[in-house]
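Please read the account below alongside the sequence and the 3D view.

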Amino acid sequence: MNYSTLAIQVAPGFSVLYASLVAAYVNLDRLDAARAAASRLLEVAPGWTNSAFVRMSVVRPELMEMLASALRKAGLPE
């Protein structure tokens, strides 16, 4: 179990945790798990978009773009 999974258990409605889990799965080349986590993310935050996430600027811009790229690979909307 990773930190994102543990954090989701504590705060199941916090969409950014799902985004980090999606990105982690993509980076581990576990695309089925990434898509499942992306689906859960959209259940928690139906209006989720990658562009809105990038605008949040929760980390450095270059890291935000890497995260957004991973989210795109999982099929999350732009």
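Exposed here means over 50% relative accessible area, buried means under 20%, and partly exposed lies in between, with a 1.4 Å probe and protein chains only. The model is predicted, so local features need pLDDT of at least 70 and side-chain atom pairs count only at pLDDT 80 or more, while totals for chains, interfaces and linings use all residues. Residues are numbered from 1 along each chain as its sequence is written, and side-chain values use heavy atoms, with hydrogens and water left out. Helices are DSSP runs of H or I with at least four residues, numbered from the N terminus.

Helix 5 covers residues 61-73, which is 13 residues, and its first and last C-alpha atoms are 18 Å apart, close to the 18 Å expected at 1.5 Å a residue. The expected span is 1.5 Å times one less than the number of residues. The buried residues in helix 5 include M64, A68, A70 and L71. They are on the same side of helix 5 because they cover an arc of only 160° around its axis. The arc is taken from the directions that run from the helix axis to the C-beta atoms. Among the elements that cover these buried residues are helix 2 (15-27) and helix 4 (50-56). After helix 5 comes G75, with a positive phi near 95°.

Helix 4 supplies a residue that can be followed into this region. N50 is located in helix 4 and, at 0% relative accessibility, counts as buried. Leaving out residues up to four places away in sequence, N50 touches A68, L71, R72, L76, P77 and E78; a contact means heavy atoms within 4.5 Å.

The loop between helix 4 and helix 5 contains V58. Its relative accessibility is 45%, so V58 counts as partly exposed. Together with M56 and V59, V58 forms a nonpolar patch on the surface, and the accessible area of the three is about 230 Å². Patches are built from residues with over 30% relative accessible area and no salt bridge, where nonpolar side chains (Val, Leu, Ile, Met, Phe, Trp, Tyr) are joined within 5 Å and like charges within 9 Å. The areas come from the Shrake-Rupley method with a 1.4 Å probe, and for residues only the protein chains shown count as cover.

Helix 3 can be read in the same way. It runs over residues 31-44, has 14 residues, and reaches 20 Å from first to last C-alpha, close to the 20 Å expected at 1.5 Å a residue. A33, A34, A37, A38 and L41 are the buried residues of helix 3. Down the axis of helix 3 they fall within an arc of 140°, so they line one face of the helix. What do the buried residues of helix 3 pack against? They pack against helix 2. From helix 2 itself, S15 is buried, with a relative accessible area of 16%. Apart from neighbours within four places in sequence, S15 is in contact with L41, V44, A45 and W48.

The face of helix 3 turned away from its buried side carries the exposed residues D32 and E43. Each of them takes part in a salt bridge, defined as a side-chain nitrogen of Lys or Arg within 4 Å of a carboxyl oxygen of Asp or Glu. D32 pairs with R35 at 3.9 Å, N to O. These two residues are three apart in helix 3, so about one helical turn separates them. D32 is exposed at 65% relative accessibility, and R35 is partly exposed at 41%. E43 pairs with R40 at 3.1 Å, N to O. E43 and R40 are likewise three residues apart in helix 3, about one helical turn. E43 has a relative accessible area of 53% and is exposed, whereas R40 is partly exposed at 34%.

The structure holds five salt bridges. Another of them joins the side chains of E65 and R72, at 3.0 Å, N to O. E65 is partly exposed at 39% relative accessible area, and R72 is partly exposed at 33%. Salt bridges with shared partners link E65, R72 and E78 into one network. R72 and E78 are also among the residues that N50 touches.
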